[in-house]
Amino acid sequence: MIIDKIENLKGYAAINPLLSQVVAFLSDHDLKDLDNGKHFIDGDRLFVNIQDAKGKTKEDAVIEYHKKMIDIQIPLNEAETYGYTPVIDLPEADFNEEKDIAKLPGVSAREYVTALPGEFVMFFPQDGHAPCIAEGTLHKAIFKVAK
């Protein structure tokens with residue numbers, strides 16, 4: 001997991017070749033101006049999903065993880081807190097290969113981090129994360145990056 005300011009994202013480009021395309025997309029687009037839904041950047045390998053999500057409590061947030069994709073989550077209108085637990089420390093869960101997701105309702109996160117608008121959190125396949133912890137409705141961007 002990485003949490004940092006958006007302007008520092010370019011410094012992580014060596015992690016994955018598609019991150020340079022995320023940086024270019026961010027320099028060419030204002031995420032707040034994009035319509036909700038998927039915006040494909042490089043087919044299924046790289047896209048951004050703009051969405052509104054109802055804020056949840058820590059108790060109601062569901063831990064999830066992915067095997068094929070890296071998540072870059074960016075809150076656009078208010079702070080968003082994320083639960084974090086390494087996947088290796090999570091109980092076994094059914095994994096949906098087609099949707100590239102496992103969800104673990106009822107499992108509490110080990111740690112919590114908060115990102116403000118102007119910051120991002122990057123979750124890798126080894127990072128279990130519980131998004132959308134906030135009050136009110138979150139307007140957010142989630143970049144899905146093939147690992």
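**Notebook: pocket lining and positive phi values**

I began with the lining of the largest pocket, which by class holds eight nonpolar, four polar and 12 charged residues. The model I am reading is a predicted one, and I keep that in mind for every entry below.

Next I looked up the volume of the largest pocket, and I noted a value of about 600 Å³. I then asked which residues are closest to its centre. Among the 24 lining residues, these are Glu64, His66, Ile101, Ile142 and Lys144.

I also went through the strands that contribute to this lining, and I found that at least two residues come from each of β2 (37-42), β3 (46-54), β5 (69-75), β8 (101-104), β11 (127-133) and β12 (137-146).

I turned then to backbone angles, bearing in mind that most residues other than glycine have a negative phi. Aspartate 100 has a positive phi of about 55°, although it is not a glycine, and I located aspartate 100 in the loop between β7 (95-96) and β8.

I placed cysteine 132 in strand β11, one of the strands that supply at least two residues to the lining of the largest pocket. For cysteine 132 I noted a relative accessibility of 8%, so this residue also counts as buried.

Methods:
Residues numbered from 1 in each chain as written. Predicted model: local features only at pLDDT ≥ 70, side-chain atom pairs only at ≥ 80, totals over all residues. Heavy atoms only, no water. 1 Å grid on protein atoms, 1.4 Å probe; cavity = no way out; pocket = protein on both sides within 12 Å on 5 of 7 lines; lining within 4 Å. Points joined across faces, edges and corners; volume = space filled by probe spheres on them. Helix = DSSP H or I, 4+ residues; strand = E, 2+ residues; numbered from the N terminus. Nonpolar A, V, L, I, M, F, W, Y, C, P; charged D, E, K, R; others polar. Buried < 20%, exposed > 50% of the residue type's maximum accessible area, 1.4 Å probe, protein only.
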